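Please read it alongside the sequence and the coordinates.

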Amino acid sequence: MGGAAWRWALRAARLLPGAGGGRAPAARRGGLGCVPAACAAPSAGSASSSSGDEALRDKRARILSRGLPKQRPIEGVKQVVVVASGKGGVGKSTTAVNIALALAANDSVDWGQLDYLVIDMPPGTGDVQLSVSQNIPIAGAVIVSTPQDVALLDAHKGAEMFRKVHVPVLGLVQNMSVFQCPKCKHETHIFGTDGVKDLAKTLGLDILGDVPLHISIRETCDSGQPVVVSQPQSDAAKAYLKIAVEILRRLPVPPA
């Protein structure tokens, strides 16, 4: 405490009833000396903190009262189909591209208003998935997975997430289901067998189709000419075309 403040405290102490002309008791001296700094400030701080908490509660109440965002259709699009996976590296993007082309091949789009918009979702079940589901009316979700156990666990989470936000899950695609040797034609199930089919039973969903692990699928996508358009008669293209047919069977009737 500075000299001036200390002298002020002593003078104030002398004015207290019964203080007399001697030194103020230590308790009084300390008490009076701390009033401006230690006692008054906490009182103001407590009031400020209380008012801040109340403002925060009011803000939360206003946000909660709004509810979920109102879904707004995308102008010029009749139905939105999302292709998702819980895990990265299962061929989801390649599947999404070929499904879009297969839908166009099954139901020729006049390049006016879109009948179907296929969205390739990022892996996982995070903010992007929730934001898209809450802001855009989604006609259905397609879950892509390999038969591998780790991929199946994440695919399960992805399907459950869409169900929680009331997005219809149209079914599952078992990708990279089998590898056929181009020389001897021997088939090898590199990632396991029937894992996605077992998951579909657990979830009460349908298998939309199986896509083999084939080099032509990778090569054609890398060249910018996906297999559905560049090799439409191949087994790989036929697998995607079948998946598109199954998707169309499960989509709701679009609004007029």
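## Overall make-up

Among contacts in the protein between residues at least 6 apart in sequence, 72% join residues at least 24 apart, where contact means heavy atoms within 4.5 Å. The protein has nine helices and six strands; helices (H or I, at least four residues) and strands (E, at least two) are DSSP runs, numbered from the N terminus. Of its 256 residues, 34% count as buried, a term that means under 20% relative accessible area, with exposed meaning over 50% and partly exposed in between (1.4 Å probe, protein chains only).

This is a predicted model, in which local features need pLDDT of at least 70 and side-chain atom pairs count only at pLDDT 80 or more, while totals for chains, interfaces and linings use all residues. Residues are numbered from 1 along each chain as its sequence is written, and side-chain values use heavy atoms, with hydrogens and water left out.

## The nonpolar cores

The largest nonpolar core holds 28 residues, and V142, Y240, I243 and I247 are the members that touch the most others; such a core is a set of buried Ala, Val, Leu, Ile, Met, Phe, Trp, Tyr and Cys residues joined through side-chain atoms within 4.5 Å. At least two residues of this core come from each of β1 (77-84), α3 (92-106), β2 (114-120), β3 (140-145), β4 (169-180), β6 (207-213), α8 (227-230) and α9 (235-250). The largest share, seven residues, is supplied by α9. Apart from this core lies another, of 23 residues, among them V77, V82, I119 and F162.

Y240 is in contact with T94, T95, N98, A102, V211, I217, V227 and V228, leaving aside its neighbours within four places in sequence.

## Helices α3 and α9

Two packed helices are described by the angle between their axes and the distance between the axes. The axes of α3 and α9 come within 8 Å and cross at roughly 70 degrees, where axes are lines fitted to C-alpha atoms, for helices over the stretch in contact, and angles run from 0 to 180 degrees between N-to-C directions. That makes α3 roughly perpendicular to α9, since angles under 35 degrees count as roughly parallel, over 145 as roughly antiparallel, 65 to 115 as roughly perpendicular and the rest as oblique.

On the α3 side, T94, T95, N98, I99, A102, L103, A105 and N106 meet Y240, L241, I243, A244, V245, I247 and L248 of α9.

## Helix α7

In α7 (residues 215-222), the buried residues include S216, I217 and T220. Seen down the axis of α7, its buried residues fall within an arc of 105 degrees, so they line one face of the helix; the arc is that of the directions from the helix axis to the C-beta atoms. The buried residues of α7 pack against α3, β6, α8 and α9. After α7 comes G224, whose phi is positive, near 85 degrees.

L208 lies in strand β6 and counts as buried, at 0% relative accessibility. Although L208 and L172 are 36 residues apart in sequence, their C-alpha atoms are 5.7 Å apart in space. Not counting residues up to four places away in sequence, L208 touches V142, L170, G171, L172, V173, K242, I243, E246, I247 and R250.

S177, found in strand β4, is buried with a relative accessible area of 9%. Leaving aside neighbours within four places in sequence, S177 is in contact with P147, H189, G192, D210, V211, P212 and L213.

## Loops and cysteines

K87 is found in the loop between β1 and α3 and counts as partly exposed, at 26% relative accessibility. P122 is found in the loop between β2 and α4 (127-135) and is partly exposed, with a relative accessible area of 33%. Leaving aside neighbours within four places in sequence, P122 is in contact with S85, K92, V128 and Q129.

A search of the whole structure finds zero disulfides, a disulfide being a pair of cysteine sulfur atoms within 2.5 Å. C181 is in no disulfide, and the nearest cysteine sulfur, that of C184, is 3.6 Å away.
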